[in-house]
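Hi everyone, thanks for coming. Let's have the model up on the screen and walk through a few parts of it together.

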Amino acid sequence: MVAAVTEPALANVDGVQALPVEEPAPRASRRNLFAFTEVAETVRPRIVQTAEPQRVEQQPQVVQNTEVAAHPREPEFPMRFIGTFGEAKDPIAVFEANGDVVNAKIGERVTGEFRLASIGIESVEVSTGRGTTQRVELRK
């Protein structure tokens, strides 16, 4: 048995009848997906109108002196820290300057306005009456 191809019958479902629609003929496209063209826009000059010209008066410039007042520099500790001795819970630091040797415990005055603030393994800290501290390394 050979089946013949016939046009489909129009469907009539629930009172709605489907009609065949003709497809338009295909046309050639002028669009190239791989080409990029940019349309140049015309640029109009911007026109700004003012009522009358503004007159700008220059004021004399005042230059302020921004120099920071130099703080008096703290004096350097004049002695060398050469070691410690005594018990570990109450050590005594040894300082030397110009052949003079000074021993001091924490809180004692070493020389001038310097007091011994702390004793470490390889350094000590000395403080001034103004509260600044300096670290002094061990030198032999």
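S3 and S4 form a hairpin with two residues between them. S3 covers residues 80-87 and pairs with S4 in the antiparallel sense over seven bridges; two strands pair if DSSP finds at least two bridges between them. Glu-87 stands opposite Asp-90 in S4.

A quick word on the source: this is a predicted model, where local features need pLDDT of at least 70, side-chain atom pairs count only at pLDDT 80 or more, and totals for chains, interfaces and linings use all residues. Residues are numbered from 1 along each chain as its sequence is written, and side-chain values use heavy atoms, with hydrogens and water left out.

Now, the core. The largest nonpolar core has 14 residues, and Phe-77 and Val-124 are among those with the most contacts inside it. Strands S4, S7 (114-119) and S8 (123-127) each supply at least two residues of this core. A nonpolar core is a set of buried Ala, Val, Leu, Ile, Met, Phe, Trp, Tyr and Cys residues joined through side-chain atoms within 4.5 Å. Buried means under 20% relative accessible area, with a 1.4 Å probe and protein chains only.

Gln-134 sits in strand S9, residues 133-137.

How values were computed:
Helix = DSSP H or I, 4+ residues; strand = E, 2+ residues; numbered from the N terminus. Buried < 20%, exposed > 50% of the residue type's maximum accessible area, 1.4 Å probe, protein only.
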